[in-house]
Amino acid sequence: MIEEILIKKTVAALEKLYDQNVDKQLIQIQKTKKEFEGDLTIVVFPLLRFSRKKPEQTANEIGEYLQNNLEEIQKFNVVKGFLNLVISDKFWLNFFLQNQNKKKYGYSEKGKDESIVIEFSSPNTNKPLHLGHIRNNLVGNSIANILKASGRKVQKVNLVNDRGIHICKSMLAWQMWGNNQTPEISNMKGDKFVGDFYVKFEKENKKETAILIERGVEKDKVAQQTPLMEKARKMLVNWESCEKETRELWEKMNNWVYKGFDKTYNRLGINFDKTYYESETYLLGKEIVLNGLKEGILFKKDDGSVWADLSNQKLDEKLLLRPDGTSVYITQDIGTAQLRHDDYNADKLLYVVGNEQIYHFNVLKIILEKLGREWAENIIHIAYGMVELPHGKMKSREGTVVDADDLMNEMQQTAKSTTEELGKIEGFSAAEANELFETIGQGALKYFILKVDPKKNMLFNPVESIDFTGNTGPFIQYTYARINSLIRKAEEKNITLSNNIPGNINIHPKEKQLIKNLYSFPETIQQAAEIYSPALIANYAFNLVKDYNQFYQEISILREENFDLLNFRLKLSEFTGKVIKTSMELLGIKVPERM
RNA sequence: GGUCCAGUAGCUCAGCUGGAUAGAGCAGCAGCCUUCUAAGCUGCGGGUCACAGGUUCGAAUCCUGUCUGGAUCACCA
């Protein structure tokens, strides 16, 4: 890396010029701002105390030294305390030659010593997937891709919340009001079918709640005391004691849901190396909790419930087992974490889970540590922000939930009408056209979500949010297709590309800008991997594409008569296309050959 | 009330461990297709970086306080 070389040489310069031994941490190198001449800039302010001279003079002296001692430095200029260095064309061309034909340029082995298990998606089997899940899936999947590209060993796992009181609610509702209907008979997607019964339960339970309130029962206790809730709790006890009828119903309904989920996952392009089910891990959690009780780490209350005392950590007490012995969310998470650790013994256990569960993961880590699990410190909660709608949060009760399948359909439809309006599907078969609409629709949706920092809450406006121009997925896809078209045209003209690019060709500023962009791709991937941020990749792709379009618009390629220049520009386009494709792959977005 | 997160252009968002005159896109206005895909390119207007202090040669960035919004503190997950 040129930056590292520069840092070393700058340290040497300070030694030579001022007889000072300077920590390389103090050497600040940044990309030169566009309005100044240069490629890289050294900020000399922090070095003044070593030179004991004015900023301009210090910068000039260091610049002089670097130019004389580094062949990569062609020239330099000084603006205030900024030493702007112009890197020689030869260096950029050299980089270009060495990397243009790499299959997976940008990928590295840097992180190969680290193994990671990443959990994301984690659906409940009582509701269909919605926009919030989409963000979770896209972020999780993309982070997994990025980590892999950075060289780390990655296992993607899903954890299905397939048991618990909430699941019993939809089961109970189906039992009571289902009339033996099935998704097949009602011609519905299985997850939607089951989800409707969950809603039905909540509705009926609300009615019962209202009645109890009328009778004067305390408001905050009512929700737990309705006849329906009692039945649901009883069902959960039955389930945990493996009562046959309950288990059969449970399996039947969950299978409906899985069929539905599979369709959604497929369409989103999401898959996992392993799927955990809480029904298979909660017993382990229970066992760990009971052992903790035996060892006196946990304690039991008079009603038989089991708790962890976290007052030493300035937290409250935390329930781990209900009085009837059934387990709660965190109990199963304890079991799941243990199992996952046993299965993989990974260096890091990542959980992509919404930021509303930050407290939950803090507590989980603390309890695991209390229970003597040293690996608990390897648990990292990647807390992503909520997706908000113009009216605020999504609320199922108010019918403002944006359904995942519906949204994808709408995206495809919008892609279709926009594409047709632009008259871009000449020569496409119906199947090809449909595939293109899907690619563009998915690209728009995925990019829209992934371009924002995962940590932050984001706003999704169903009517306005998704554009196809500007900083969008389709714009990036379009540029890729454009490059492809260019390469095709070159082939039609029987132009044979050559790897041989003379070192003395004149590089246009727009071309250099592009090369610099390509140069920074690998470090961008590393950075994105370190901070778990697909947004970095998205922004990178947008910048790259923007610069390419400027180059494309300003410089003629196929009309260039000098073969070396023609060849170089085509090669540069090809390389750029490859990097666009790779970065979009990291985001889980496909690029079309034509659009 | 405690804890955590956020507040940057009319709107949606970038701005990495402090560095140059705070950037994109959308929306608005004005240009560019007989020439490589106009889902593009060029230009214009648009800002008290919530507010007030502090640290620093230098603060949107770090610290403190205030205001505003959100999350969380469940025998829901």
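Student: What stands opposite Val43 in β4?

Tutor: Phe82 does. Strands here are DSSP runs of E, at least two residues, numbered from the N terminus; helices are runs of H or I, at least four.

Student: Which strand does β4 pair with over four bridges, and in what sense?

Tutor: β4 (residues 82-87) pairs with β2 (residues 40-43) in the antiparallel sense. Two strands pair if DSSP finds at least two bridges between them.

Student: And what about α1, what does that helix pack on?

Tutor: Helix α1 (residues 2-18) packs on the sheet and touches β1, β2, β3 and β4. Contact means heavy atoms within 4.5 Å.

Student: Is this a predicted model, or what is it?

Tutor: Predicted: local features need pLDDT of at least 70 and side-chain atom pairs count only at pLDDT 80 or more, while totals for chains, interfaces and linings use all residues. Residues are numbered from 1 along each chain as its sequence is written, chains are lettered from A and ligands numbered from 1 in the order in which they are written, and side-chain values use heavy atoms, leaving out hydrogens and water.

Student: New topic: how many residues surround RNA strand B?

Tutor: 65, and Phe82 is among the closest, along with Lys424, Tyr478, Arg482 and Tyr552. A residue is near the strand if one of its heavy atoms lies within 4 Å of it.

Definitions and conventions
Axes fitted to C-alpha atoms, helices over the stretch in contact; angles between N-to-C directions.
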